[in-house]
Amino acid sequence: MNQKLNLSSGPHVRNYWTTRFIMLVVIAALLPATLVGIFVHGLQALWIILAAVIAAVATEFVFDKLTGRKDTWTDCSAALTGLLLALTLSPSVPLYIPILGSVFAIGLVKCCFGGLGKNFINPALAARCFLLISFPNAMTGFLVDGVSAATPMEVLKSGQVVNITRMFLGTSNGVIGGSVLALLIGGMLLWAYDVIHGQICISVLASFTLFIGLFGGQGFDPAFLAAHLCGGGVILGAFFMATDYVTSPVSRLAQTIYGVLIGVLGAMFRIYGHAADSFSYAIIIGNLFTPLIDTYIVSKPYAFRKRALQIHGLVHKKTFFDRFPKPVIAIAIIALVSGLALSGVFSMTKAPIEKQERAKAAAAYQSVIPEASDFSFLEEKVSRFAGEKYGTAFGAVTINEAVEGKDAAGKTVGYAVSVTSKEGYNGDLTYIIGFTGDGTITSITNTVNNETPGKGSLCKEPGFTGQFSGRNVSAFVLNGTGDEGVDGVSGATISSKASVNAINAALDFFRNVVKGGD
Amino acid sequence: MKDTFRGGVHPREHKDLSREEPLRLFHPVGEMVYPLSQHIGKPAKPVVKKNDPVLAGQLIAEADGFVSANVICSCSGRVKAIEKRRTISGALMECIVVENDGQFTPAGDYETRRDLSQLTGEEIKDRVRQAGIVGLGGAGFPTHVKLAPKDPNAIRWVIANGAECEPYLTCNDQLMRTKAREIIEGLELVLRLFPKAEGVVGIEKNKPEAIAAMEAAAAGKERIRVLRLHTKYPQGGEHTLIKVIVGADYPVSKLPADVGCIVDNVGTLYAIQRAVCYGEPLFTHGLTVSGKAVVKPRNFIVPDGTNVRELIEACGGVKEGAVLKKVLAGGPMMGFALSDLDVPVVKTTNGLTMILRDGVEVAERQRTACLRCGRCTTVCPTGLLPELMAEAARREDYDRYENKLHGLECVACGSCSFICPAKRPLTETFKQVKAEILARKRAAQAGGKK
């Protein structure tokens, strides 16, 4: 009994939860979604996940060694970041994408700002945005059976109906962690065991749904709301990203405000923004607000709250307005006003913008059917193919519009078809092709072209477009000979191929749909 | 009525080690040491000299002022010295050292029941003061001060605290099982002072035998009821107990009496009953020796001044081959670690916990940066935001700490440190910051006076 005794301040017993245990619990909660992702998207998904996780842990390990810190890589938080990042990636990305993303997330966003607990935005989301900006094609290319296709979010954005059941189960084309059902199972378990803050999930989802319902243009249609909730990472964001401890506020009220901010921003970006898949940005902006919210919104100890003061007879009786916490009213008003203002601006500018776009389109149509003075849109014929891949032989090509050009006397003088290939070297390539009544091409304009300057950009020059004028064939053959042959732009094989595919699709559409009545 | 408060934690209880051990009266053989300050307030003044003969129950140091308490000798023998000795808190303090003759000859008749029919409230308070009774829950606030609030008619509840929410400790459980009638009588005596008050006995549900015994003893008493409390730490804290009964928290700047409450530990009420009914001053009290390191965990009625090492040896000492990490005065949540075992037990020592696994030592190995997970906020019984407080403390932003975050409301219960997955030393930090802020305020005040 004469051993040396430890001397330290209490409490002398501690709970068994450790940082590593929490991280492992969250990883376990993500396992259902991970497994569904691997099952649906195949082994490639597994490699992406492994690459992201290993790169994340390795980055932290190297950073620990370089800076001589305690081994923080063992706390599993880096592994969690890697896994979260992988779940937000398309299963068709090349392996350098998850690796680069993880290195960025852990090396720059987390470690450079002081490691665990010190990053000011969610590392996985920051890395995702970094990848979106740096590799837009790879990041937004989603393959179904080896062919690139629109994601449900893009389809929803274009006003079409999506298959909610497939989105819910996670079998539609989208990110690896796209299974809403599996994410919900994991998220609910975390919530039930108080690992994540329920008020953040509720306020994000509730405000998002409310805003989409009010300003989404389709009211509170359950199918429409469900499609919005199931897509674009809302569930993953609400349960696993917005609830990230480090980048969310502390007190309950602050967490609610933060959640509402994310929900409203996410919905606004969804409705008014250009990127269909923009929930990540909403969460990052929420993260950026966290220190500010934490500074000003702190809860009082129980003894200083109104209820306690009332019981001790220190304040007056409750009035009507006391029943509602003031900040809630304030947020509701701010959300409503900003929403109304936005939709006001939107509807005010909608008409002029449309007019302008029509004028621009008309100018393009005018250039390919010079004799026409009035255009009528062949919406019926186009709507059947809208937003979808046209045919099977042209790659990822969509028909945008088709017009019939009439002269002042009302006589048809020609047709024009607007067509886009998504398989350009750097995104979309859009052509407008003018036809005479018998299918002879009058001329071609290239309206959208983001290709490499001096190479693919030459597709819009007369040197390329001019060779189609005055010809009447069923399909062109790139670098072919004879009647069908056209020359590509040298050094821009991909652009040329996509262009010819788009033009051939327009030819096919004109012959079979516009003229053929198919 | 709700049976608990918001927040709190549930550490493993370990009460099974000693809960069935009866309270044994302990007879120490070695010298007895009586620190002059075993309570909150001014130290007592010795009334004996070296070589004076003393008896068990004799006054050896009297209260210096109102907020102070008498010190009573617990054995018979001769005063050996009045000198500085190491006490249980680790500090050197003026103590009266008595050579124990092992007879424990009482100074008076503590067996005959006094006639209480003519007893006035003033006499009750006077007997409590004479007996040197202090709060036995751990704080040691002089009880006669507590019993004299400004307005006795404003007191609506007299609360008997039998929650005993600290892990390991079981002496109050045993006391309630065996001395239920006496505790209830002590409560009735206190209720005599407060005509408008109701008596509430708060006991955690993990002590069914104690609840049954207290309910039986309180049966038929109109002004007394037994409240079963949810088993959760810190249910036995003054703030949390009052919160359950009154339905609201109160700031630390206020006393329980300001919100209409008087809270006394069941041990204190038993001492009041002994003092008022039998004239016996406070010189023995309940104490649990428990923990994984000790051979035979026991409950004792132990005389004040007993040597801690002697008490531990009476329980068989440390287990063969076990490495004793810490001996705690009190339980593992709010108790403090002893640096030396040759120190005396004082009035407020209600337990000695001997542990093999030091949570603090393990925690230091597992420590990571704060995750901001918010568990500390969830468990804080006061409704504070410990993670923001720790951040403000780190930046030494004491203005925000005190005025925006109300950090001085912390009662240092240790729940936040207990739950923290990153094993941050939260409670420790808050204790230091509180001391720092109060020191700065005193300095500012002193500067202002000049």
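Visitor: What does the domain assignment give for chain B?
Guide: Chain B has domain 1 (15-20 + 110-278) and domain 2 (367-449); these bounds come from an automatic or database domain assignment. This is a predicted model, where local features need pLDDT of at least 70, side-chain atom pairs count only at pLDDT 80 or more, and totals for chains, interfaces and linings use all residues. Residues are numbered from 1 along each chain as its sequence is written, while chains are lettered from A and ligands numbered from 1 in the order in which they are written.

Visitor: How far apart are the C-alpha centres of domain 1 of chain B and domain 2 of chain B?
Guide: Those centres are 31 Å apart. Eight residues of domain 1 of chain B and seven of domain 2 of chain B form the contact, a term for residues whose C-beta atoms, placed from the backbone, lie within 7 Å.

Visitor: And chain A, how is it divided by the domain assignment?
Guide: Here domain 1 is 19-299 and domain 2 is 374-515, with C-alpha centres 39 Å apart.

Visitor: Good. Why is α3(A) called oblique to α4(A)?
Guide: Helix α3 (residues 77-87) of chain A packs on helix α4 (residues 96-110) of chain A at about 135 degrees, with axes 10 Å apart. Angles under 35 degrees count as roughly parallel, over 145 as roughly antiparallel, 65 to 115 as roughly perpendicular and the rest as oblique, so the pair is oblique.

Visitor: Which residues make the contact of α3(A) with α4(A)?
Guide: From α3(A) come Ala78(A), Thr81(A), Gly82(A), Leu85(A) and Ala86(A), and from α4(A) come Pro98(A), Gly101(A), Ser102(A), Ala105(A) and Ile106(A).

Visitor: One more residue, please. What makes Val473(A) partly exposed?
Guide: A residue is buried if 20 or more other C-beta atoms lie within 10 Å of its own, exposed if 12 or fewer, and partly exposed in between, with C-beta atoms placed from the backbone. Val473(A) has 17 other C-beta atoms within 10 Å, so it is partly exposed. Val473(A) sits in the loop between α18 (462-465) and β8 (477-478) of chain A. Leaving out residues up to four places away in sequence, Val473(A) touches Asp483(A) and Glu484(A).

Visitor: Finally, how many residues does each chain bring to the contact of chain B with chain A?
Guide: Chain B brings 63 residues and chain A brings 40. On the chain B side, α9(B) gives the largest share, six residues.

Note on methods. Contact = placed C-beta atoms within 7 Å. Helix = DSSP H or I, 4+ residues; strand = E, 2+ residues; numbered from the N terminus. Axes fitted to C-alpha atoms, helices over the stretch in contact; angles between N-to-C directions.
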